[in-house]
Amino acid sequence: MSDDFILDTDDLQRRMDGAMANLKTEFASLRTGRASASMLEPVMVDAYGSMTPINQVGTVNVPEPRMVTINVWDKGLVGKVEKAIRESGLGINPQLNGTIIMLPIPELNEERRRDLTKVAGQYAEHARVSIRNVRRDGMDQIKKAKADGMSEDDQKLWEGEVQELTDKMIKVVDAALETKQAEIMQV
């Protein structure tokens with residue numbers, strides 16, 4: 001029984017990758033002063049009785065580095081899309097032109113850039129905590145197997161493997177944070 005223990009490191013890797021994918025999504029929603037269609041991903045519109053992502057009620061384009069446009073397909077939803085953007089907290093003032101909503105991206109000031117780097121740091125810390133939680137789950141599985149008769153050498157081997165995987169993922173999170181903070185601070 002004890003020699004048959006195999007830790008599912010692929011499952012641990014998949015769960016850690018999930019934390020990293022979530023971090024990338026959160027980073028994409030942070031405004032960097034440059035226009036990006038992904039900055040509108042967290043904005044939901046009350047359309048047809050349910051909350052719907054903006055990209056499902058219109059076409060999102062980035063025609064210029066400092067402009068995002070949304071071509072709303074249903075004229076009746078233009079006002080709701082505009083309201084959702086205003087209330088989203090993005091700090092963008094939508095301008096209407098028929099069924100097209102234009103979002104000029106204002107220049108970020110130094111204070112706002114610093115605030116955004118702090119928010120990015122918080123997102124990265126959440127990802128690190130998620131990765132550490134996955135590590136804890138893996139270590140708990142190893143401890144349970146140790147209680148069931150696993151040798152101490154096997155325990156050390158598996159614990160080393162889990163820790164190595166964790167360290168690698170934490171480095172990936174730190175590198176992503178550094179890149180995002182540099183992007184935010186770039187004028």
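**Ground rules.** I am working on a predicted model, where local features need pLDDT of at least 70 and side-chain atom pairs count only at pLDDT 80 or more, while totals for chains, interfaces and linings use all residues. Residues are numbered from 1 along each chain as its sequence is written, and side-chain values use heavy atoms, with hydrogens and water left out.

**Ala-19.** I placed this residue in helix α1; helices here are DSSP runs (H or I, at least four residues), strands are E runs of at least two, and both are numbered from the N terminus. Ala-19 counts as buried because its relative accessibility is 11%; buried means under 20% relative accessible area, exposed over 50%, and partly exposed in between (1.4 Å probe, protein chains only). I also checked its separation from Pro-63: they are 44 residues apart in sequence and 32 Å apart in space, C-alpha to C-alpha.

**Domains.** I noted domain 1 as 7–27 + 107–184 and domain 2 as 35–102, bounds that come from an automatic or database domain assignment. Their C-alpha centres lie 33 Å apart.

**Cores.** Next I went through the nonpolar cores, that is, sets of buried Ala, Val, Leu, Ile, Met, Phe, Trp, Tyr and Cys residues joined through side-chain atoms within 4.5 Å. The largest has 28 residues, and those touching the most other members are Phe-5, Leu-7, Leu-23, Phe-27, Ile-131, Ile-142 and Val-173. Two or more residues come from each of α1 (9–29), α3 (110–147) and α4 (152–185). Which element gives the most to this core? I found that α3 does, with nine residues.

I then followed Ile-142, leaving out residues up to four places away in sequence: it touches Phe-5, Leu-7, Met-150, Gln-155, Trp-158, Glu-159 and Val-162. Another core lies apart from the largest one; it has 21 residues, including Met-39, Ile-54, Val-68 and Leu-103.

**The hairpin.** I turned to β1 and β2, which form a hairpin with two residues between them. They pair in the antiparallel sense over four bridges; strands count as paired if DSSP finds at least two bridges between them. Val-45 has Thr-52 in β2 as its bridge partner. On β1, I saw Val-45 and Ala-47 on the covered face, with Met-44 and Asp-46 on the uncovered one.

Is Tyr-48 buried or exposed? I have it as exposed, because its relative accessibility is 64%. Tyr-48 sits in the loop between β1 (44–47) and β2 (50–53), and its phi is positive, about 55 degrees, although it is not a glycine.

**The open sheet.** Four strands make it up, in the order β3-β4-β6-β5, with antiparallel pairing. I marked β3 (58–64) and β5 (95–97) as the edge strands, each pairing on one side only. Neighbouring strands are turned by 25 degrees against each other on average, direction ignored; axes are lines fitted to C-alpha atoms, for helices over the stretch in contact, and angles run from 0 to 180 degrees between N-to-C directions.

Inside the sheet, I counted five bridges joining β4 (residues 67–72) to β6 (residues 100–104). Ile-70 stands opposite Ile-101 in β6. Last, I looked at helix α2 (residues 78–86), which packs on the sheet, touching β4, β5 and β6. The direction of α2 makes about 15 degrees with that of β6.

Conventions
Contact means heavy atoms within 4.5 Å.
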